[in-house]
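Trainee: I would like to learn how to read a model with two chains. Where do we begin?
Mentor: Open it, and we will take one feature at a time.

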2 protein chains.
Amino acid sequence: MTKGLVILSGGADSATLAFELDARGDDLIAMSFDYGQRHKRELEAAALIAQELGIEHHVMPLPRLGKLMKGSALTDGDVDVPHGHYAAETMRQTVVPNRNTIMLSIAWGVACANDCGYVAFGAHAGDHHIYPDCRPEYVQQLEHAFRMGTEGHRRADMALIAPFIHMDKAAIVKRGLELDVPFEHTWTCYEGGSRPCGKCGSCVERAEAFARAGSRDPLVP
Amino acid sequence: MTKGLVILSGGADSATLAFELDARGDDLIAMSFDYGQRHKRELEAAALIAQELGIEHHVMPLPRLGKLMKGSALTDGDVDVPHGHYAAETMRQTVVPNRNTIMLSIAWGVACANDCGYVAFGAHAGDHHIYPDCRPEYVQQLEHAFRMGTEGHRRADMALIAPFIHMDKAAIVKRGLELDVPFEHTWTCYEGGSRPCGKCGSCVERAEAFARAGSRDPLVP
C-alpha cells in the first residue's frame with residue numbers, strides 16, 4: 001500500500017483528489033493550512049472531507065503569514081474580494097505570493113518525516129494562465145528542488161504529484177461525481193457566509209464546472 | 001537603496017550576513033522562524049542582532065511543524081542531542097526535512113509582497129556535505145522554482161542569494177570580526193543553557209571557527 005500526503009484546501013478539486021487516491025487504495029495523510037484566510041469555512045470543509053474518508057488530518061497554522069503579506073484579498077480584510085467573472089486581473093488580487101510553494105514545502109517535509117511516497121495537490125488546468133504556481137513546469141521544477149534538498153532524508157522515489165494538472169474543473173467535478181465525493185461538504189467561495197455568495201470568481205467558476213459536468217452544485221439551492 | 005529580506009537564525013553566520021548586507025547599505029527586513037526548537041535562545045539572539053542593526057524583525061511561528069516531524073533532535077525532546085565532533089552521522093540526526101526550503105519559501109513570499117530585491121540566507125561551505133539544502137546547486141534550483149511560481153508577483157530581478165555559500169565558518173567569523181558583529185549576542189549551541197554546552201557538534205564547530213580565525217568566542221569564558 002502506498003502512503004501519501006494529500007493537501008486538502010476544502011474545495012471541490014482537492015476533495016476529489018483525496019477521494020481518487022483513496023479509491024486506488026493509498027494510505028493517506030491529509031494536510032490543510034491556516035494562513036489567515038478571511039474565513040474558516042474551507043478548513044471546516046477540509047476536516048469534513050477527511051472525516052468522510054476516515055483519514056488522519058492535520059491543520060498547519062501559519063499565523064503571521066497573512067499579516068506579513070499585505071495586499072492580497074484572501075488575507076487582507078481591507079481589500080475587496082473581486083466579483084464577477086474570473087478575469088485574470090481581478091483573480092490576480094487573490095494571489096498570496098508563493099502560497100503553493102509554502103504549503104508544498106511544509107507538506108514535503110512532513111511527508112519525508114512520515115516516510116510517504118508522494119505529496120499530492122489539486123492544481124488543475126484552469127488555473128494555469130492566472131496562477132504561475134499551478135503550471136506543470138513549475139511542479140516539475142519544484143519537485144526537482146525538493147528532491148535535491150532532502151536527499152537522504154526521504155524515500156528514494158518520493159514524488160510531487162498533481163494528477164489533475166491537465167484536467168479542467170468540469171472534468172474534475174465529473175470524476176468527483178463518479179467517486180461519490182460529498183460536494184455538499186466542500187467549500188469554494190471566497191466569502192465565508194452560510195451559503196456561497198454566487199458572485200465571486202470562485203463561485204462563478206464552480207457553477208460553470210457543475211453545469212458543464214451535467215450536474216448541479218448541491219451547495220446552491 | 002536595495003531592499004532585502006535576510007533570514008536570521010540567531011547564529012554567527014546569519015548575524016554576519018545581516019551585518020554584511022547592512023554594511024553595503026541595503027534596506028533590510030529580518031525574519032526568523034519558530035519551528036518548535038527545543039529552546040528559544042536562538043530566537044532571542046536573532047532579535048538582539050536585529051535590534052543592534054535597527055532593522056525590522058519578524059518571527060514566523062510554525063507551531064505544529066515540530067510535532068509533525070518526529071525523529072529530529074532539533075524538535076523532538078525524546079531524541080538525544082548528538083555530542084562530540086560533528087561527524088556526518090550524528091549531525092544528520094539534527095536535520096528537519098526540508099527545513100531550509102520551508103523557511104525560504106515563506107521568506108520569498110513575504111519578500112514578494114514587500115517588494116524586496118532578494119532573500120538572503122547564511123548557508124556556508126562547511127554544511128555542504130551534511131545538509132543537502134545548503135548546496136549551491138540546490139539554491140540555484142530553488143531560486144528557479146520560486147521565480148517561476150511568483151512570475152508577475154515580484155520584482156522582475158528578485159533573487160535568492162547565499163553570499164557565504166563558498167566560505168567556511170572560519171572565514172565567516174573572520175569577516176564578522178571585521179564588521180564588528182556582536183558575536184556575544186549570537187547563539188549556536190543546540191542546548192538552551194545559560195552558556196554554550198561546548199560539547200555538541202555546533203559548539204565544537206564554532207570553537208574551531210573562532211580558533212582558525214585567530215580569535216576567541218566571546219560566549220566562552
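**Reading the two chains**

Mentor: This is a predicted model. A rotation of 180° with 0.0 Å of shift along its axis places chain A on chain B, with an RMSD of 0.0 Å.

Trainee: What is that the relation of?

Mentor: In general, two copies of a chain are related by a rotation about an axis and a shift along it. Here the relation is that of a two-fold axis. Both copies use the same surface, since 100% of the contact residues of chain A recur in chain B.

Trainee: How many residues does the contact take from chain A and from chain B?

Mentor: The size of an interface is often given as the accessible area lost when the parts come together. Here we count residues instead: chain A gives 41 residues and chain B gives 41 residues. On the side of chain A that touches chain B, the elements giving two or more residues are strand S3 (56-61), helix H3 (65-68), helix H5 (99-113) and H6 of chain A. H5(A) supplies the largest share, 11 residues. By kind, the residues of that side of chain A divide into 21 nonpolar, 13 polar and seven charged.

Trainee: How many helices and strands does chain A have?

Mentor: Chain A has eight helices and five strands. From the N terminus on, they run β-α-β-α-β-α-α-α-β-α-β-α-α. Of its 221 residues, 52% count as buried.

Trainee: What is the order of the strands in the sheet of chain B?

Mentor: The sheet in chain B is open and has five strands, in the order S3-S2-S1-S4-S5, with parallel pairing. Its edge strands are S3 (56-61) and S5 (159-161) of chain B, each of which pairs on one side only. On average, neighbouring strands are turned by 25° against each other, direction ignored. Strand S4 (residues 118-120) of chain B pairs with S5(B) over three bridges, and B:Ala120 has B:Ile161 as its bridge partner in S5(B).

Trainee: Which strands does helix H5 of chain B lie across?

Mentor: H5 (residues 99-113) of chain B lies across S1 (3-7), S2, S3, S4 and S5 of chain B, at about 160° to S1(B).

Technical notes. Residues are numbered from 1 along each chain as its sequence is written. Chains are lettered from A and ligands numbered from 1 in the order in which they are written. This is a predicted model: local features need pLDDT of at least 70, side-chain atom pairs count only at pLDDT 80 or more; totals for chains, interfaces and linings use all residues. Helices (H or I, at least four residues) and strands (E, at least two) are DSSP runs, numbered from the N terminus. A residue is buried if 20 or more other C-beta atoms lie within 10 Å of its own, exposed if 12 or fewer, and partly exposed in between; C-beta atoms are placed from the backbone. Two residues are in contact if their C-beta atoms, placed from the backbone, lie within 7 Å. Ala, Val, Leu, Ile, Met, Phe, Trp, Tyr, Cys and Pro count as nonpolar, Asp, Glu, Lys and Arg as charged, and the others, Gly among them, as polar. Copies are superposed by least squares on the C-alpha atoms of residues with pLDDT of at least 70 in both. Two strands pair if DSSP finds at least two bridges between them. Axes are lines fitted to C-alpha atoms, for helices over the stretch in contact, and angles run from 0 to 180 degrees between N-to-C directions.
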